[in-house]
Amino acid sequence: MIRQLKTIFYVGRSVFFSLALHGAVIALLLAEFWWPFSKQQIPLDRAPAIQAHAVSLEQINQRKIERELKKQEERRLQELAEQKKREEEVIRKAEEEKKRKAEEAKRKKAEEQERARKAEEERKRKEAEEKKRREEEARRKAEEEALRQAEAERLKNQAIRALSSLHDQIREEIEENWRRPSQQTEGLQVLIRVRVGRNGDVLSAIVTESSGDPQFDHSAELAVMKASPLPFPTNPKYYDFIKEFNLRFNPDSLDE
């Protein structure tokens, strides 16, 4: 029992001295670390150690500052790289937009040219059709005019023949209504332009070639007017061709 107590005593004493030694070392270390903040006078024999420790702390702080500066520089470079990347992206998009607009403008220009080409082709086609239509219309009108003129010429010839067939009757009517002037009329003749209505009514009788004797000319005009209505073709299609005709008058005969 006593032996066990002694053993415990010696072990406890060793532990106590060990703890005290460690405590002293720790206290010394703490005192050396906080010395810049202490207002107590530091012994001269401890100054080198404290200075060395201060140098070590300054180096640590310097390395921290350098690391922080390095990190800031890395962040700045990264930001610059990101900014450059964003700017390049903006430039790339702008170039793509420019290229897209150029292609769109080129496409629209091509479409406009194609529309213009088609419009020109359509215009030329319509002009050709219109020209062909006008030519056909002109040809048709020319044919119709030729037919009309031919028909008119045929009717005119028929009208003249019809009027000529009434020559003797017209002569008799005028001779019956003529009154011989007192002076000599032998060898006298006058050309009269006669205009008649559709029923042969004499509308006018004008001397166009005088006989040289005004009294004889006047007597011929009166004879034509008194003979109204003159014998005249009944076909209404003939009227426009023979509504005016020349009549040569003399005491002995009447010539158309």
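How many residues apart are glutamate 120 and arginine 123 in helix H2? They lie 3 residues apart, about one turn of the helix. The legends below cover this pair and other close-up views of a predicted model.

**View 1. Glutamate 120 pairs with arginine 123 in a salt bridge.** The closest N and O atoms are 2.3 Å apart. Both residues belong to helix H2. Glutamate 120 is partly exposed, at 31% relative accessible area. Arginine 123 is partly exposed too, at 38%.

View 2. Arginine 92 has a relative accessibility of 34% and counts as partly exposed. Glutamate 89 is also partly exposed, with a relative accessible area of 31%.

**View 3. The side chains of arginine 134 and glutamate 130 meet in a salt bridge.** Here the N to O distance is 3.6 Å. The two residues are 4 residues apart in helix H2, so about one helical turn separates them. Arginine 134 is partly exposed at 45% relative accessibility. For glutamate 130 the relative accessible area is 30%, again partly exposed.

**View 4. A network of salt bridges links four residues.** Its members are Glu137, Arg140, Lys141 and Glu144. The structure holds 26 salt bridges. Side chains of opposite charge can pair when their charged atoms come close.

**View 5. A patch of positive charge sits on the surface.** Arg63, Lys64, Arg67 and Lys71 gather in this patch. Lysine 64 lies in helix H2. Its relative accessible area is 46%, so lysine 64 is partly exposed. That value is above the 30% cut-off for patch residues.

**View 6. The largest nonpolar core has 28 residues.** Those with the most contacts inside the core are Ile174, Ile192, Val194, Val196, Val224, Leu230 and Phe249. In soluble globular proteins, nonpolar side chains tend to be buried together.

Note on methods
Residues numbered from 1 in each chain as written. Predicted model: local features only at pLDDT ≥ 70, side-chain atom pairs only at ≥ 80, totals over all residues. Heavy atoms only, no water. Core = buried A, V, L, I, M, F, W, Y, C linked by side-chain atoms within 4.5 Å. Buried < 20%, exposed > 50% of the residue type's maximum accessible area, 1.4 Å probe, protein only. Patch = residues over 30% accessible without salt bridge, like charges linked within 9 Å, V, L, I, M, F, W, Y side chains within 5 Å. Areas by Shrake-Rupley, 256 points an atom, 1.4 Å probe, with all protein chains shown as cover. Lys, Arg positive; Asp, Glu negative; His and termini not counted. Charge placed at Lys NZ, Arg CZ, Asp CG, Glu CD.
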